[in-house]
Amino acid sequence: VFVLYDGLKIDGAHGSYTLIQELGRGAIGHVWKATREFMRVEEEVAIKFLQPKPEFFEETKLVDIRERFRREAQRGPKLQHDSIVKYFETGEHAKVP
């Protein structure tokens, strides 16, 4: 688990992201408002980090959670609707999806 904080910069394959503020957290992760700069264009985005609560730290549960998170990231870009966010990229930061 790593520490997320306002102003944290994360380099991705499709831009550089700067965290602005936490929007929410659930049982397995956090969603942050951020800006993405790509090809000199800056836009507001949301970033979801996998950070399970301690009750999910059992190894079998962590494997299941990581797999579910990866499936969501693979399927998300295939969905297109005004109420569904657009995916730019998926990856890991500090070995966390």
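Is K33 buried, partly exposed or exposed? At 25% relative accessibility, K33 counts as partly exposed. Here buried means under 20% relative accessible area, exposed means over 50%, and partly exposed lies in between (1.4 Å probe, protein chains only).

The model is predicted: local features need pLDDT of at least 70, side-chain atom pairs count only at pLDDT 80 or more, and totals for chains, interfaces and linings use all residues. Residues are numbered from 1 along each chain as its sequence is written, and side-chain values use heavy atoms, with hydrogens and water left out.

Salt bridges were assigned where a side-chain nitrogen of Lys or Arg lies within 4 Å of a carboxyl oxygen of Asp or Glu. The count by this rule is four. One of them joins K33 to E44, with the closest N and O atoms 3.6 Å apart. K33 lies in strand 3 and E44 in strand 4, so the pair ties together parts that are 11 residues apart in sequence. Helices (H or I, at least four residues) and strands (E, at least two) are DSSP runs, numbered from the N terminus. E44 is exposed, at 57% relative accessible area.

R36 pairs with E43 in a salt bridge, and their closest N and O atoms are 2.8 Å apart. R36 counts as buried, at 7% relative accessibility. E43 is partly exposed, at 30%.

A salt bridge also links E72 and K48, at 3.1 Å from N to O. E72 belongs to helix 1 and K48 to strand 4, so this pair ties together parts 24 residues apart in sequence. Both ends are partly exposed: E72 has 33% relative accessibility and K48 has 36%.

The largest nonpolar core contains 10 residues: L4, L8, I10, Y17, L19, W32, A34, V45, I47 and F49. Such a core is a set of buried Ala, Val, Leu, Ile, Met, Phe, Trp, Tyr and Cys residues joined through side-chain atoms within 4.5 Å. Strand 2 (15-25), strand 3 (29-38) and strand 4 (41-50) each supply at least two of its residues. Strand 4 gives the largest share, three residues. Core residue A34 touches T18, L19, I20, E43, E44, V45 and I47, not counting residues up to four places away in sequence. Contact means heavy atoms within 4.5 Å.

On the surface, L79, I84 and V85 form a nonpolar patch with about 280 Å² of accessible area together. Nonpolar patches join Val, Leu, Ile, Met, Phe, Trp and Tyr side chains within 5 Å, taking residues with over 30% relative accessible area and no salt bridge. Areas come from the Shrake-Rupley method with a 1.4 Å probe, and for residues only the protein chains shown count as cover. I84 lies in the segment after helix 1 (59-75). I84 is partly exposed, at 38% relative accessible area.

How values were computed. Patches are made of residues with over 30% relative accessible area and no salt bridge: like charges are joined within 9 Å, nonpolar side chains (Val, Leu, Ile, Met, Phe, Trp, Tyr) within 5 Å.
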